[in-house]
Amino acid sequence: FTGSHQFVLDYLTEEVLRALPEPYRQFLLRTSILERFCGALCRAVTGNPASLSVLDEIRKANLFVIPLGRIMSADTGSHWFRYHHLFAEVLRALLERDHPDEINALHQRAAVWFENEGYADEAVDHALRSGDMAQAKELILKHWRPTLRKGEIATLLRWLDGLPEEMGRDDPSVSLARCWALFFSGQSMAITPHLERANDAYERLVSEGTLDGAQQSLVAAQLAMMRSVLARGLGKHTDSVAHAEQAVRLVPPEMPEEAGAAWNILGAARAGTWDFDGAIEAYDRGIELLYGVGSLVGAYTCTYGRAMYLIVQGRLNEADGTCRSAIERGLREGHVGLPAAGWPHVAMARIELERYRLDKAEAYLDDGLRIARPGGLGELLRAGRYLRAHLAAARGDQDGAVEILQDTERIIDALGDPY
């Protein structure tokens, strides 16, 4: 703390904290590690069975405690709270000064509580901040698929960035999770080193005999999918199809989500060889399987792919029906706000552009990009910018179109779709 912040520190330390009973002061210090808290969480972190009453007294004393809203689940207390950010900074500084040896354990307890209550993001974050990388890795491997299903790619990448690099060398699942996150964020050509690490770890585990039959087939299928993605990015479309077909064959029959992902990859690979009917067929299989297991990012990606290659064939009404069905399903099932739900909106924008209904196209595009932006779905955001350039050109703004395309030249090259 320096300057005015030092004044705040002195005021809060001298005038506020020192006037409190010691149990209250210690409660504040130990709960300062939490971005938000409730009575039950404070009890778990501090070990103080009177946490609920202490929290209530602190709140009544107006000690910079801000209510955030009611907790919907039972057995956790009634409301979430947080500290004012400056007060929280002061508390954390004092905690680091007075009790540095307790901080990791406090984060570990928070991670356990959040995990038990179903808050995966906060559980992983606290596990990472505790320094217990084994716990963090376990939580990430448990939750990366559900997080990916919802299209929360930025969250997954943030988790993986917190793990030491050697964990990707030891476990193929860690590196493959990174590959999938990069793929859906539109960074397909960045997966090469992670794919190599995953393959090396896989070969070592196979030689050691530590993978059972289903696990071995699953990892081999995922490696094949990522090889297909890489081959497609390099323009080796025949190889891309071969790798994707291998993945479809390798996925164990009891794993429909992985099978759906393989069909998704095969759809894109077939499109690269101009086999649009084959691509649409593969996307149909993927949509059915991925919706069935709630893998929304995959289902919506397949929907977008199906619509694009129907458009290429001039089948606009079928493409329209595909996208409207997906949008209506999202509204009906309550996941229209998830980032992955932006895909069918962007596809609808393309359809309306083909019909030269430019205002409708722009409205769909705006909606799709607004929905997608929080999730880090880079490929969708880039496809949207590509479409934005086409809209500008259709309105006669050639300079604006060129400016957008110059910003996204790498994106267009990476996507390489023939539409």
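Axes are lines fitted to C-alpha atoms, for helices over the stretch in contact, and the angles between their N-to-C directions run from 0 to 180 degrees. The structure is a predicted model of a protein chain with 23 helices and two strands.

**Overall figures and confidence**

- The C-alpha trace of the protein chain spans about 75 × 60 × 40 Å along its principal axes.
- Of the 419 residues in the protein chain, 52% are buried.
- Counting contacts between residues at least 6 apart in sequence, 63% join residues at least 24 apart.
- The mean pLDDT of the protein chain is 86, and 90% of the residues score at least 70.
- Helix 14 (residues 237–250) has the highest mean pLDDT among the elements, 96, and helix 23 (residues 409–415) has the lowest, 48.
- The pLDDT is below 50 over residues 411–419, a stretch that has 18 contacts in the model beyond near neighbours in sequence.

**Helix 6 and helix 7**

- Helix 6 (residues 103–117) packs against helix 7 (residues 120–130) at an angle of about 160 degrees, and their axes are 8 Å apart.
- Helix 6 is therefore roughly antiparallel to helix 7, because angles over 145 degrees count as roughly antiparallel.
- The crossing of helix 6 past helix 7 is left-handed.
- Helix 6 contributes Asn104, His107, Gln108, Ala110, Ala111, Phe114 and Glu115 to the contact, while helix 7 contributes Glu122, Ala123, His126, Ala127, Arg129 and Ser130.
- By residue type, this contact of helix 6 with helix 7 has five nonpolar, five polar and three charged residues.

**Helix 13 and helix 15**

- Helix 13 (residues 213–233) and helix 15 have axes that come within 10 Å and cross at roughly 20 degrees.
- Helix 13 and helix 15 are thus roughly parallel to each other, since angles under 35 degrees count as roughly parallel.
- Helix 13 passes helix 15 with a left-handed crossing.
- On the helix 13 side, the contact is made by Leu218, Gln222, Met225, Ser228, Val229 and Arg232; on the helix 15 side, by Glu258, Ala261, Ala262, Ile265, Ala268 and Ala269.
- Eight nonpolar, two polar and two charged residues make up the contact of helix 13 with helix 15.

**Helix 8 and helix 11**

- The axes of helix 8 (residues 133–149) and helix 11 (residues 172–184) are 11 Å apart, and the helices pack at an angle of about 30 degrees.
- At that angle, helix 8 is roughly parallel to helix 11.
- Helix 8 and helix 11 have a left-handed crossing.
- From helix 8, Lys137, Leu141, Trp144 and Leu148 meet Ser173, Val174, Ala177, Trp180 and Phe184 from helix 11.
- The residues in the contact of helix 8 with helix 11 are seven nonpolar, one polar and one charged.

**Leu160**

- Leu160 belongs to helix 9 (residues 153–161).
- With a relative accessible area of 4%, Leu160 is buried, because buried means under 20%.
- Leaving aside residues up to four places away in sequence, Leu160 touches Ile140, Val174, Ala177 and Arg178.

**Arg30**

- Arg30 is placed in helix 2 (residues 22–31).
- The relative accessibility of Arg30 is 14%, so this residue counts as buried.
- Beyond residues up to four places away in sequence, Arg30 touches Val45, Thr46, His99, Glu102 and Leu106.

**Positive phi in loops**

- Most residues other than glycine have a negative phi.
- Trp274 is not a glycine, yet has a positive phi of about 70 degrees.
- Trp274 sits in the loop between helix 15 (256–272) and helix 16 (276–292).
- The relative accessible area of Trp274 is 59%, so Trp274 is exposed.
- Tyr356, likewise not a glycine, has a positive phi of about 60 degrees.
- The loop that holds Tyr356 runs between helix 19 (342–354) and helix 20 (358–372).
- Tyr356 counts as exposed at 53% relative accessibility, because exposed means over 50%.

Definitions and conventions: Residues are numbered from 1 along each chain as its sequence is written. This is a predicted model: local features need pLDDT of at least 70, side-chain atom pairs count only at pLDDT 80 or more; totals for chains, interfaces and linings use all residues. Side-chain values use heavy atoms; hydrogens and water are left out. Helices (H or I, at least four residues) and strands (E, at least two) are DSSP runs, numbered from the N terminus. Buried means under 20% relative accessible area, exposed over 50%, partly exposed in between (1.4 Å probe, protein chains only). Angles under 35 degrees count as roughly parallel, over 145 as roughly antiparallel, 65 to 115 as roughly perpendicular and the rest as oblique. A crossing is left-handed if the near helix is turned anticlockwise from the far one by less than a right angle, and right-handed if clockwise. Contact means heavy atoms within 4.5 Å. Ala, Val, Leu, Ile, Met, Phe, Trp, Tyr, Cys and Pro count as nonpolar, Asp, Glu, Lys and Arg as charged, and the others, Gly among them, as polar. pLDDT is the predictor's confidence in each residue, from 0 to 100.
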